[in-house]
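The sequence and structure are shown here for reference.

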Amino acid sequence: MAERIVKPWGWSQEVYRDELTRVVRIHVEPGGHCSWHKHERQNNTFHVLRGDLRIHYEGGSMEIGDSDEARIMTVESGTQHQFENETTCPVEALEIYDSADGTPLDESDIIRFSEGGILNP
């Protein structure tokens, strides 16, 4: 398993990778949020393992996790989005990236519109 990478909102750790799929475990601290961004050629699926995570996307937002029926949400490639932990407890989730067009995954595929960090929950 890969090393944990410290992020402004918590940490991430890659748990699986092949040419077309990448799975990353994320830990999001209370008040933590990633940058507002999009992936040009990757779908981004969030599967919450513990806690509640809000996914903001163009045109709306959805909370997934312990408090909701839904624990999984997919953001299609090209859609601007951001995750946020609005609670006072850490969130554990899997982020699954898959190629939207059959080309190998490329981490330079992300376009950021803001920075991530910690807000007061």
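Leaving aside residues up to four places away in sequence, Glu63 touches Asp52, Leu53, Arg54, Asp68 and Glu86 in this predicted model. Glu63 belongs to strand S8, which covers residues 60–65. Its relative accessibility is 23%, so Glu63 counts as partly exposed; the limit for a buried residue is under 20%. Met73 lies ten residues from Glu63 along the chain, and the C-alpha atoms of Glu63 and Met73 are separated by 9.2 Å.

One of the contacts of Glu63, Arg54, also stands opposite Glu63 in the strand pairing. The strands concerned are S7 and S8, which pair in the antiparallel sense over six bridges. S7 and S8 form a hairpin, with two residues between the strands. In the turn of this hairpin, Gly59 has a positive phi of about 95°.

The open sheet is described next. Six strands form this sheet, in the order S1-S2-S3-S11-S6-S9, and their pairing is antiparallel. Strand S1 (5–7) and strand S9 (72–75) are the edge strands, since each pairs on one side only. From one strand to the next, the twist averages 25°. Within the sheet, strand S6 (residues 42–50) runs antiparallel to strand S11 (residues 91–99), and eight bridges join S6 to S11. An example is Asn44, whose bridge partner in S11 is Tyr97.

Which residues form one aromatic cluster? The cluster consists of Trp9, Phe46 and Phe83. A pair of aromatic rings is described by the distance of the centres and the angle of the planes. The count of aromatic pairs comes to two, and the table lists them.

| Aromatic pair | Centre to centre | Angle between planes | Arrangement |
|---|---|---|---|
| Trp9 and Phe83 | 5.0 Å | 85° | edge-to-face |
| Phe46 and Phe83 | 5.9 Å | 70° | edge-to-face |

Trp9 lies in the loop between S1 and strand S2 (10–17), whereas Phe83 lies in strand S10 (residues 81–84), so this pair ties together parts that are 74 residues apart in sequence. Phe46 lies in strand S6 and Phe83 in strand S10, so the second pair ties together parts that are 37 residues apart in sequence.

Phe83 has a relative accessibility of 2%, and Phe46 is buried with a relative accessible area of 0%.

Another ring, that of Trp11, has a charged residue over its face: Arg4 lies there at 3.8 Å from the ring centre.

The largest nonpolar core has 17 residues. Ile26, Val28, Phe46, Leu53, Ile55, Ile64 and Phe83 are the residues that touch the most other members of this core. Strand S3 (21–28), S6, strand S7 (52–57), S9 and S11 are the elements that give two or more residues to the core.

Not counting residues up to four places away in sequence, Ile55 touches Phe46, Gly60, Ser61, Met62, Ile64, Met73, Val75, Gln82 and Phe83.

Note on methods:
Residues numbered from 1 in each chain as written. Predicted model: local features only at pLDDT ≥ 70, side-chain atom pairs only at ≥ 80, totals over all residues. Heavy atoms only, no water. Pairing = 2+ DSSP bridges. Helix = DSSP H or I, 4+ residues; strand = E, 2+ residues; numbered from the N terminus. Axes fitted to C-alpha atoms, helices over the stretch in contact; angles between N-to-C directions. Buried < 20%, exposed > 50% of the residue type's maximum accessible area, 1.4 Å probe, protein only. Contact = heavy atoms within 4.5 Å. Phe/Tyr/Trp six-rings, centres within 6.5 Å; stacked < 30°, edge-to-face > 60°. Lys NZ or Arg CZ within 6 Å of the ring centre and 35° of its normal. Core = buried A, V, L, I, M, F, W, Y, C linked by side-chain atoms within 4.5 Å.
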